[in-house]
Amino acid sequence: MRIYGNRLLKTLPGDLTRPTSAKVREALFNIWQAEVRGCYWLDLCAGNGSMGAEALCRGAAVVMGIEKYGKACKIITENWTKIANNEQEFKVFKGDILKVLKILGGKKCDRIYFDPPYQSLLYQPVLELIVNYQLLNEQGEIAVEHNPQFWQAIEIKGLELVREKHYGNTSLTFYRSVPSTS
């Protein structure tokens, strides 16, 4: 798999993970292009880490990833190590996303990319935990990758649905924090 700057990434054999397609990756980074440099990026259900790697290539200051599978975490670490420069930081967390998010509680992220297995039941609980653990900066944004056949965008207390984009069988739904009224 190749990403920005024609960099080659390792991928896992088989279908344990489903990398985001080049078309969707390019579309997302076109939407967020002015927001990535210097940002804190969180890659949820990171797979082979292609989205976090792309964020590093485009100048993210900090990239964190959560992935359930140990072999995938090893590949992510190798990929990010190859791409990150000396001023960038990254960390890969191995484990169940619903448990690991608690560890990150209070860390403010500018951009969160969430790409769970399409047929999983993770969408609503993870989005609610992002709000509960205050993981998104006020000006931050979440992009949720999904197949509309398996999940439709829903209202989440504390988040505002700002737009949806469709790319064949893949959709991206974008949420922002609801501004506090205090």
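Trainee: How much space lies in the second largest pocket?

Mentor: Good place to start. This is a predicted model, and about 190 Å³ of space lies in its second largest pocket.

Trainee: Which residues that line the second largest pocket are the closest to its centre?

Mentor: They are K108, V131, Q134, L136 and S177, out of 14 lining residues. To count as lining, a residue needs an atom within 4 Å of a pocket point, so each of the 14 meets that cut-off.

Trainee: Which element gives the most to this lining?

Mentor: β7 does, with three residues. Both α6 and β7 supply at least two.

Trainee: What makes residues of that lining nonpolar, polar or charged?

Mentor: The residue type decides. Lys counts as charged, so K108 is charged, while Val and Leu count as nonpolar, so V131 and L136 are nonpolar.

Trainee: Why is L44 called part of a nonpolar core?

Mentor: Core members are buried residues of listed types, Leu among them, joined through side-chain atoms within 4.5 Å. L44 belongs to the largest such set, of 29 residues, and with F114 and L127 has the most contacts inside it. α6 gives the most to this core, with five residues.

Trainee: What does L127 touch?

Mentor: Leaving out residues up to four places away in sequence, L127 touches F114, I142, V144, W151, I156, L159 and Y175. Apart from that core lies another, of 28 residues, including L9 and W41.

Methods: Residues numbered from 1 in each chain as written. Predicted model: local features only at pLDDT ≥ 70, side-chain atom pairs only at ≥ 80, totals over all residues. Heavy atoms only, no water. Buried < 20%, exposed > 50% of the residue type's maximum accessible area, 1.4 Å probe, protein only. Helix = DSSP H or I, 4+ residues; strand = E, 2+ residues; numbered from the N terminus. Contact = heavy atoms within 4.5 Å. 1 Å grid on protein atoms, 1.4 Å probe; cavity = no way out; pocket = protein on both sides within 12 Å on 5 of 7 lines; lining within 4 Å. Points joined across faces, edges and corners; volume = space filled by probe spheres on them.
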